[in-house]
Amino acid sequence: MHHDLITIDREAWDALAAAAADPSQPFRYLTLASLGRCQFPEARTVVLRSAKSATRVLEFHTDTRSPKWQELQDNGNTTILGYSDVLKLQLRLRGEIDLAPPGSPEADRVWSRLPPHTRATYQGGPPGDELPPEGDPAARAPISAPEETGRDRFGVLSFKALSLDWCRLERNNNLRARFSYGASGELNDASWVAP
Ligand SMILES: Cc1cc2nc3c(=O)[nH]c(=O)nc-3n(C[C@H](O)[C@H](O)[C@H](O)COP(=O)(O)O)c2cc1C
């Protein structure tokens, strides 16, 4: 395998790890795409919470009442898309999602470390449910549920990458490469492709 490609792969995963640790880094906000129940592709922004290059696993948090949870239960095949304008770099990862539901050891472990303001995002109504018409004070009232209310709605999504499509656009030097990973996260294959 060409040395440059190994370096590119390592730097891509380093960037993801940096984003998981620091909200100001590129790739902190990624697009998670799944297959919707109506056979439409569904894409939404999610916060990258953890990135492990050794195993090629990315972690996201979600409200299990949101439609994506059902979609991912039906079909765990997922694409994660990220673009950094600073780096002029697109990362497009394909993989499978593993769901840790509320009450699972993994969800409980992560929940126990969440700060109160993050826990509060799980205290509202089911994501996507219609709210009372605008202007209704009830729609804007602050939520005052106990902090633990969100625990039974909190789920962890673990995305295991099977491949990475890396694409950097630079004037006169557009580059694109594909990488594939084995079951333990090892880099199995890497090749340049036409951008
Ligand atoms: C900046 C930003 C960050 C977001 N982060 C998350 C997240 O980490 N997890 C999540 O479930 N939804 C997150 N959302 C909301 C989703 O994009 C989406 O609207 C919501 O989860 C409902 O998605 P669904 O209907 O496909 O299930 C975020 C939205 C924005 C704008």
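This is a predicted model: local features need pLDDT of at least 70, side-chain atom pairs count only at pLDDT 80 or more; totals for chains, interfaces and linings use all residues.
## Around the ligand

The ligand is surrounded by Tyr29, Arg44, Thr45, Val46, Val47, His61, Thr62, Ser66, Pro67 and Lys68. Sorted by class, this shell holds four nonpolar, four polar and two charged residues.

The largest share belongs to S2, with four residues.

A polar side-chain atom of Lys68 lies 2.6 Å from an oxygen atom of the ligand. For Arg44, an N or O atom in the side chain is 2.8 Å from a ligand oxygen. Pro67 takes part through its backbone: one of its polar backbone atoms is 3.4 Å from an oxygen atom of the ligand.

How much of the ligand does the protein cover? On its own, the ligand has 620 Å² of accessible area, and the protein covers 59% of that.

## The chain as a whole

Stepping back, the chain has 195 residues, and buried residues make up 38% of them. Its C-alpha atoms fill a box of roughly 60 × 35 × 35 Å, taken along the principal axes.

The chain contains five helices and nine strands. If you follow it along the sequence, the pattern reads α-β-β-β-β-α-β-β-α-α-α-β-β-β.

## An aromatic cluster

The count of aromatic pairs in this model comes to four. One of them joins Trp111 and Phe154: their rings sit 5.5 Å apart, centre to centre, and the pair is tilted, with 55 degrees between the planes. This pair links distant parts of the chain, since Trp111 is in helix H3 (residues 105–111) and Phe154 is in strand S7 (residues 154–168), 43 residues apart. Are these two residues buried or exposed? Trp111 counts as buried because its relative accessibility is 0%. Phe154 is buried too, with a relative accessible area of 1%.

Phe154 also pairs with Tyr122, and here the arrangement is edge-to-face: 5.1 Å centre to centre, with 90 degrees between the planes. Tyr122 lies in the loop between helix H4 (116–119) and helix H5 (137–140), while Phe154 belongs to strand S7, so the pair ties together parts that are 32 residues apart in sequence. Both Tyr122 and Phe154 are buried. Taken together, Trp111, Tyr122 and Phe154 form one aromatic cluster.

## Cysteines

How many disulfides does the model have? The count comes to zero. As a reminder, a disulfide is a covalent bond between the sulfur atoms of two cysteines.

Cys38 has 67% relative accessibility, so it counts as exposed. Cys167, in contrast, counts as buried because its relative accessibility is 12%.

## Positive phi angles in two loops

Arg56 has a phi near 65 degrees, a positive value in a residue other than glycine. You can find Arg56 in the loop between strand S3 (50–52) and S4. Buried means under 20% relative accessible area, and Arg56 counts as buried because its relative accessibility is 8%.

Lys88 is not a glycine either, yet it has a positive phi of about 55 degrees. Where does Lys88 sit? It is in the loop between strand S5 (77–84) and strand S6 (89–100). With a relative accessible area of 35%, Lys88 is partly exposed.

One last stop is Arg92, which has its place in strand S6. Its relative accessibility is 40%, so Arg92 counts as partly exposed.

How far apart are the C-alpha atoms of Arg92 and Leu81? They are separated by 4.6 Å, although the two residues are eleven residues apart along the chain.

How values were computed
Residues are numbered from 1 along each chain as its sequence is written. Side-chain values use heavy atoms; hydrogens and water are left out. A residue is near a molecule or strand if one of its heavy atoms lies within 4 Å of it. A polar contact is a pair of N or O atoms within 3.5 Å; within protein, one must be able to donate a hydrogen and the other to accept it, and residues adjacent in sequence count only if both atoms are side-chain atoms. Accessible areas come from the Shrake-Rupley method with a 1.4 Å probe; for residues, only the protein chains shown count as cover. Ala, Val, Leu, Ile, Met, Phe, Trp, Tyr, Cys and Pro count as nonpolar, Asp, Glu, Lys and Arg as charged, and the others, Gly among them, as polar. A disulfide is a pair of cysteine sulfur atoms within 2.5 Å. Buried means under 20% relative accessible area, exposed over 50%, partly exposed in between (1.4 Å probe, protein chains only). Rings of Phe, Tyr and Trp (its six-membered ring) pair if their centres lie within 6.5 Å; planes under 30 degrees apart count as stacked, over 60 as edge-to-face and the rest as tilted.
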